[in-house]
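Please look over the model shown here before reading the points below.

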Amino acid sequence: LAALTGLALGAIAFRYGLKGSYFALVTLAFAEVARIGALSVGFTGGGVGMMLPLTGNPLQMQFASRRGYVLLIGGFVCLALLLTAWLRHSRFGARLQAVRDNEDAASAVGVDPYRTKLAAITLSAAFMGVAGAFYVQVFQYLDPGIAFGPHVSVEALVGAIVGGLGTLWGPVAGALALHLLADLTRNLFGQLPGLNMVIYGTVLVLIVMFMPRGLAGLVGRGRSVRDAWSRRRG
């Protein structure tokens, strides 16, 4: 369902040539409309939200212990990494990079930017749909803010930016770093309301300003320095 939603939204946005900040605003506006709609209907529980029954059925992604959830999400992450690694070395991945770099040049060599971006947003929405379904089954609670609130989209985006866009392991490293930072600041400064969020935000701003390639860029820079030192010694 998430993939179909992404397909429909992308078909409308890309048909009218929206890109960059305009496309981001359209996706945020769509999520806000969905959130307001969910607040207005009864079967979602409105602003109160809804509780999901705990069945313990593995077919519903519910388990008797946390170990089952860890194994399942680990399998999802491995599957996503394998698919991402395949994308980087596939013809579709090459088309994605061509459209990202220059749509006009990609069109000149026979790449259809519209279909390529449509496939990309559908695949991205499918990933997020799996994550959302897992989240709900773990916490057994859902409300319009969790389902369509902007903080969820921003958190996913910031994790990729901090880790390193266009890399395989960067988003994983970014997500881990952000959660470790959030837990650390909350444990150290949680007794002072708001201070943990100030420190958390400051660290994020510094990372974006001084590490534009993210954490993955530090690894690449260290490797370049090591190779240069090896050549110099040789």
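The numbered points below begin with the basis of the model and then take the elements in turn.

1. This is a predicted model, in which local features need pLDDT of at least 70 and side-chain atom pairs count only at pLDDT 80 or more, while totals for chains, interfaces and linings use all residues. Residues are numbered from 1 along each chain as its sequence is written, and side-chain values use heavy atoms, with hydrogens and water left out.

2. Helix α3 (residues 66–88) packs against helix α6 (residues 113–139) at an angle of about 175°, and their axes are 11 Å apart; axes here are lines fitted to C-alpha atoms over the stretch in contact, and angles run from 0 to 180 degrees between N-to-C directions. The two helices, α3 and α6, are therefore roughly antiparallel, a term used for angles over 145 degrees. Helices are DSSP runs (H or I) of at least four residues, and strands (E) of at least two, numbered from the N terminus.

3. On the α3 side, the residues that meet α6 include Tyr69, Phe76 and Leu83, and their partners in α6 include Leu123, Phe127 and Phe134, with contact meaning heavy atoms within 4.5 Å. By class, this contact of α3 with α6 has 12 nonpolar, 1 polar and 1 charged residues, where Ala, Val, Leu, Ile, Met, Phe, Trp, Tyr, Cys and Pro count as nonpolar, Asp, Glu, Lys and Arg as charged, and the others, Gly among them, as polar.

4. Helix α6 has 27 residues and reaches 39 Å from its first C-alpha to its last, close to the 39 Å expected, the expected span being 1.5 Å times one less than the number of residues. Asp112 caps the N-terminal end of α6, with a side-chain oxygen 3.1 Å from the backbone nitrogen of Tyr114, and just after α6 Gln140 takes a positive phi of about 55°.

5. Among the buried residues of α6 are Lys117, Ile121, Phe134 and Gln137, buried meaning under 20% relative accessible area with a 1.4 Å probe and protein chains only. What covers the buried residues of α6 includes α1 (2–15), α2 (21–40), α3 and β2 (141–142).

6. Gln62, found in the loop between β1 (50–51) and α3, is buried, with a relative accessible area of 1%. Its side chain reaches the backbone oxygen of Pro53 at 3.2 Å. Leaving aside neighbours within four places in sequence, the contacts of Gln62 include Tyr69, Gln137 and Gln140.

Note on methods:
Parallel < 35°, antiparallel > 145°, perpendicular 65-115°, else oblique. Buried < 20%, exposed > 50% of the residue type's maximum accessible area, 1.4 Å probe, protein only. Polar contact = N/O pair within 3.5 Å; in protein donor to acceptor, adjacent residues only side chain to side chain.
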